Amino acid sequence: MKVTRALQPILPLCQRLLPDIPALPGLPAFLGFPGLPGLPHLPSLPSRLAGLSVALLKATALDLAILAGHLLLYPSGMAQERRCAARAELTGPGSAGEPIQLPAQPSVPVVLLHGFIDNRSVFVLLRRSLAQNGRHRVESLNYSPLTCDIRTAAELLGRHIEEICERTGSPQVDVVGHSLGGLIARYYVQRLAGDARVRTLVTLGTPHSGTRVAPLANAHPIVRQMRPGSELIEELSQPAPGCRTRFVSFWSDLDHLMDPLESACVDHPDLLAQNVRVTGIGHLALPVHPAVATGIRQALDADRPATPAGARSGRRSGGLTVA
C-alpha cells in the first residue's frame, strides 16, 4: 500500500506515457490502468516509447533545467519590488527645466502573478521580452507562500491593482498569471468585480477546472481549493453575466501538473475566452519559453474582438508548437 501511495503523484504522467499497460497482480483498481487479461499490447510499447514518450522526456528534461535555474534566481525574487511614483513629464537634459511630454497613449500596465510556492523571479525572461517590445510598465506581486486561501490572495491582488491605477493614472491593467496566479486573478475578475480594472487576463497552465494531480498535497488548503469540484471551483463555474475582461489561456499538452490536461482551458458560457494550445513544453516552461512570450505579447496587444451578447465562449483556437 505504501508503494502504491508513493506512485499516485506520477500516475497521470505514467498513464499518458503507457496507457496500454494492463493491470498487474496486486495493484488496486484505483490506479486507473485498464484491467485487460494477458499482455496483448506490449509489442506496441517500443513504438509508443519512441513517439509520445520522447516528447514527454524532452519536456520533462527542459522543466528540470528550468527548475534548476529558477532555484538560483529564487532568492532574488523574495522581496517585493521597489515601485517609483509615475511622473507625467520628464525633464530634458539639455534644456533648462523644459519638460518633455511622455507619449500620449502609453501602454496599459501589466501585472505579473506567480504560481504556488513561487515568487516574481519566475518572470525574469518574460519581463525582459515585454520591455524590449514596448511594455515598460510591468510590475509583479508577491503573495506570501503561507497564503492559505485563494480568495484572500485575490483581495490582495485587487488592492495592488487599485494602487497601480491610482499611481499611473491608467484606468485598467493587463494581468499575466502563471498556474495558481491565474486562478487568483480569475477569482478577482469574476467574483470581486475586478473586470472593471482588468482589460485582459492571460493565464499560463492554470487549473481553471481543477486538477487531480499529486493527491498527497491535499494537506495544503490552497491545493484542496484547486481540486475539481471544490467550493472555489464551483464558485467560478457560476454565472458571470456582463464580465468585461478578455481571457486568453495558454495550456500545454505536456503539462505534468494538469490532470486532465484540458482543465487549463477556460470553459464558461459568460466569459470571452480564447484557449491556446502549446505543444512541446511542460508546466514550468510556460512563463519562460520565448515562443510563449511572443504569444503573450500578441494577446496583450490584440484589439478586443467585437462579440455580440450571448456569443461568448471558451473557444480553442490557435496553437504554438515549440518543440
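**Entry 1: terms and model.** I take helices (H or I, at least four residues) and strands (E, at least two) as DSSP runs, numbered from the N terminus. I note that this is a predicted model, in which local features need pLDDT of at least 70, side-chain atom pairs count only at pLDDT 80 or more, and totals for chains, interfaces and linings use all residues. Residues are numbered from 1 along each chain as its sequence is written, and side-chain values use heavy atoms, with hydrogens and water left out.

**Entry 2: the whole chain.** I looked up the secondary structure and found 9 helices and 9 strands. Of the 323 residues, 44% count as buried; buried means under 20% relative accessible area, exposed means over 50%, and partly exposed lies in between (1.4 Å probe, protein chains only). The chain exposes about 16100 Å², of which carbon and sulfur atoms supply 61%. These areas come from the Shrake-Rupley method with a 1.4 Å probe, and for residues only the protein chains shown count as cover. I then looked up contacts (heavy atoms within 4.5 Å). Among those between residues at least 6 apart in sequence, 79% join residues at least 24 apart.

**Entry 3: helix 6.** I checked the length of helix 6 (residues 180-191): its 12 residues should span 16 Å, and its end C-alpha atoms are 16 Å apart, which agrees. The expected span is 1.5 Å times one less than the number of residues. Helix 6 is largely enclosed by the rest of the structure, because 11 of its 12 residues are buried. Among them are Leu-180, Ile-184, Arg-186 and Tyr-188. After helix 6 comes Ala-193, with a positive phi near 60°.

**Entry 4: strand 7.** Which residues of strand 7 point one way, and which the other way? Arg-246, Val-248, Phe-250 and Ser-252 point one way, Phe-247, Ser-249 and Trp-251 point the other way, and all are buried. I also looked up its pairing, for which DSSP must find at least two bridges between two strands. Strand 6 (residues 198-204) runs parallel to strand 7 and is joined to it by 5 bridges; Thr-200 has Arg-246 as its bridge partner. Strand 8 (residues 272-279) is also parallel to strand 7, with 7 bridges; here Ser-252 is partnered by Val-278.

**Entry 5: salt bridges.** I count a salt bridge when a side-chain nitrogen of Lys or Arg is within 4 Å of a carboxyl oxygen of Asp or Glu. The count comes to 13 salt bridges. In one of the pairs, Asp-301 and Arg-135, the closest N and O atoms are 3.3 Å apart. Asp-301 lies in helix 9 and Arg-135 in the loop between helix 4 (124-132) and strand 4 (138-141), so the pair ties together parts 166 residues apart in sequence. Arg-135 counts as buried, at 7% relative accessibility.

Arg-199 forms a salt bridge with Asp-174, with the closest N and O atoms 2.7 Å apart. This pair links strand 6 to strand 5 (residues 173-178), 25 residues apart.

Within it, Arg-151 and Glu-235 have their closest N and O atoms 2.7 Å apart. Arg-151 is in helix 5 (residues 150-168) and Glu-235 in helix 8 (residues 231-236), 84 residues apart.
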